[in-house]
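The sequence and the model should be kept in view throughout.

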Amino acid sequence: MDPVWWRSLLKTPSQNTNCYDNQVRKYEVGAGSVDNWKQGASEWSMMISHGIRLERVVSNLAGTLLEVVAGNIDQAALVTDVAIDEPREQAELQPGAVLLCTGADVEHLPGLIDRAVASQIPALVLRSPLNLPAELRATIERSGVVLLGLSAGATWTQLVVLLRSLLASSAGTEERVAGLQAEDTFALANAIGALLDAPITIEDRTSQVLAFSGRQDEADQARIEAILGRAVPQHNRQAQERAGVFKRLYSSEKPVFFDTPQILGAAGLPRVAIAIRAGNQVLGSIWVAVRNPLSPEKEQILVDAAKVVALQLLRDRVSSDVDRQVRADLIASALASGPAALGAIERLRLAQRTVAVLGLSLPGDTADESSSDQTRQQFLERTAQAFAFHLSVAAPGAVAALVGDVCYAIMPAMTRQGATNLLQMAQRVSKDFLDRTPNRAGGAVIGIGRSADSADPTELARSRNDVDRSMRVLKLGHGSRVALFTDLQMDALLLDIGDQLRNEGGLVDGPVARIRQYDSEHGTSLEEALELWLDSFGNALSASAALDLHRNTFRYRLRRAAQIAQINLNDPDERFAAMLEFRLSRRLRDVG
């Protein structure tokens, strides 16, 4: 087949391959500099000729990244582009663009307002907080321009990604890659397979199968297992790593031929693979099951195909990252008991519901040992995504996202009558997730807070606090990996008291401290005898048996311990104080 025909697919309705190449080069996954986004603005504007109402932009991003500082939003105002401006280098403006003033402050606003009015710019964005004089605020009100503030802690890159996603989403089915609907990665796989006359798979960096073409029955058992499991089997992946397959693949700009039967030690077809790149970063790879090496013409087809798939994966990555970030911001806002909580709950479709808050966390030393390029953060993100998916199936309406290093979830009761069973359902669903997850989710623990009325942000915040305290207890490893806060409240309270004691310089010298000092000076074990007696509820026979001592010997030690400690063992209050001191001493040792 003529590779020129394939390259013609790179042309989308309004631009040529140069636009595509610039996007792949400048919009690398993980790129964080404003310059990258600014340099690519013209290419993006070529791809996006539609618009979105400013009111919708503010509605979607308020409470997460943006706040309205001054001005009134015109319901007819349309956003068609994003421009990035600096005081030393003014951006070329098109009507309808939102102007991101990355280096501007209040003193620059008069000039920026004049430029915005002249260029029909509906909104300016500056970094918050902004202390506007009354006169300047009035000027903004009269201008018709809306001044937005970028929230503290948010980055300009995050804002650009979110704005671009909103602009792209307003295009609907018109957004296309290589003449195909952008979201249809399987259609791309089928197109590539047809051009190469061979079955192909598109895989990510961890050998997860993202899409595959038809005619997979013409391949071999290894390919069938990968398709059915949506991932290359682990033993095959390890064999490829030992043979240096990925090192060769990721270091080459061209297709690479692999003798797969020899590498895997099983009958089957060889493979030709090529890395999918965005700039210098490898996003994944395309694998072609072949009988012989590809001809030069088909190798060129595969090279061009990798560029098209890179664009698709970039779009998918940005879209999923944006969705995930927005959901995480909404969940964080809903659980923070702030002014944005009720709005976030409304957008999460959890208003007027009885809900439970759940939290999944990993031990500090968790790492994914199945692949050398997996960091703890990547493993945490993958576990959180799996937990969110599990909840979406097991508890319809539940939402979950990674906030910091915890995956928080909000689970609604199925019906108002089922609210009493909500916590039991949350516990059952959580246990089922850990039971089904390979390697027991790396030692993850899941805490479940008390049920709450979603209409009361204070209750939601309290339930999140329950979750945080529960996970802290569970991480000590003394019991179940899933627990309700109601079952751990006393343990959590002991940890809280321990924190208070540490802040106050530790336990003061009480009865237990006096016994411990005496034991240290005289080589005795009175502390152990008293602690065992208290733990045995005063049963001297049981405690003496645990120490393998005659009961009379044990009773002598107990009397001596009471004398040294200066406590009355017949007084319930003094017994309780001693028991609490022992418990707190153990807790303080456990938490270091």
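Val-125 has a relative accessibility of 1%, and because buried means under 20% relative accessible area, Val-125 counts as buried. The model in which this residue is seen is a predicted one. Val-125 belongs to strand E6, which covers residues 123–127. Leaving aside residues up to four places away in sequence, Val-125 touches Leu-66, Val-98, Leu-99, Leu-100, Cys-101, Leu-148, Leu-150, Trp-156 and Leu-159. A further relation concerns Val-69: this residue and Val-125 are 56 residues apart in sequence, yet their C-alpha atoms are 9.4 Å apart in space.

Most residues other than glycine have a negative phi, and most peptide bonds are trans. In the loop between helix H6 (109–119) and E6 lies Gln-120, which has a positive phi of about 60° although it is not a glycine. Gln-120 counts as exposed because its relative accessible area is 57%, and exposed means over 50%. In the loop between E6 and helix H7 (134–143) one finds Pro-129. The peptide bond that leads from Ser-128 to Pro-129 is cis, and its omega is near 0°.

Sorted by class, the contact of H6 with H7 has 6 nonpolar residues, 1 polar residue and no charged ones.

Helix H21 (residues 526–535) packs against helix H23 (residues 551–565) at an angle of about 100°, and their axes are 9 Å apart. Angles of 65 to 115 degrees count as roughly perpendicular, so H21 is roughly perpendicular to H23. From H21, Leu-526, Ala-529, Leu-530 and Trp-533 take part, meeting Phe-554, Arg-557, Leu-558, Arg-560, Ala-561 and Ile-564 in H23. By class, this contact of H21 with H23 has 8 nonpolar and 2 charged residues, with no polar ones.

Helix H20 takes in residues 511–522. Its 12 residues reach 17 Å from the first C-alpha to the last, close to the 16 Å expected at 1.5 Å a residue. Within H20, the residues Pro-511, Val-512, Ala-513, Ile-515, Tyr-518 and Asp-519 are buried. Just after H20 comes Gly-523, with a positive phi of about 70°.

Another positive phi, of about 55°, is found at Gln-352, which is not a glycine. Gln-352 lies in the loop between helix H15 (341–347) and strand E15 (354–361), and at 53% relative accessibility it counts as exposed.

The protein chain as a whole may now be described. It contains 24 helices and 19 strands. Of its 592 residues, 48% are buried. Among contacts between residues at least 6 apart in sequence, 62% join residues at least 24 apart. The chain exposes about 28600 Å², of which carbon and sulfur atoms supply 49%.

Note on methods
Residues are numbered from 1 along each chain as its sequence is written. This is a predicted model: local features need pLDDT of at least 70, side-chain atom pairs count only at pLDDT 80 or more; totals for chains, interfaces and linings use all residues. Side-chain values use heavy atoms; hydrogens and water are left out. Helices (H or I, at least four residues) and strands (E, at least two) are DSSP runs, numbered from the N terminus. The expected span of a helix is 1.5 Å times one less than its number of residues. Buried means under 20% relative accessible area, exposed over 50%, partly exposed in between (1.4 Å probe, protein chains only). Contact means heavy atoms within 4.5 Å. Accessible areas come from the Shrake-Rupley method with a 1.4 Å probe; for residues, only the protein chains shown count as cover. Axes are lines fitted to C-alpha atoms, for helices over the stretch in contact, and angles run from 0 to 180 degrees between N-to-C directions. Angles under 35 degrees count as roughly parallel, over 145 as roughly antiparallel, 65 to 115 as roughly perpendicular and the rest as oblique. Ala, Val, Leu, Ile, Met, Phe, Trp, Tyr, Cys and Pro count as nonpolar, Asp, Glu, Lys and Arg as charged, and the others, Gly among them, as polar.
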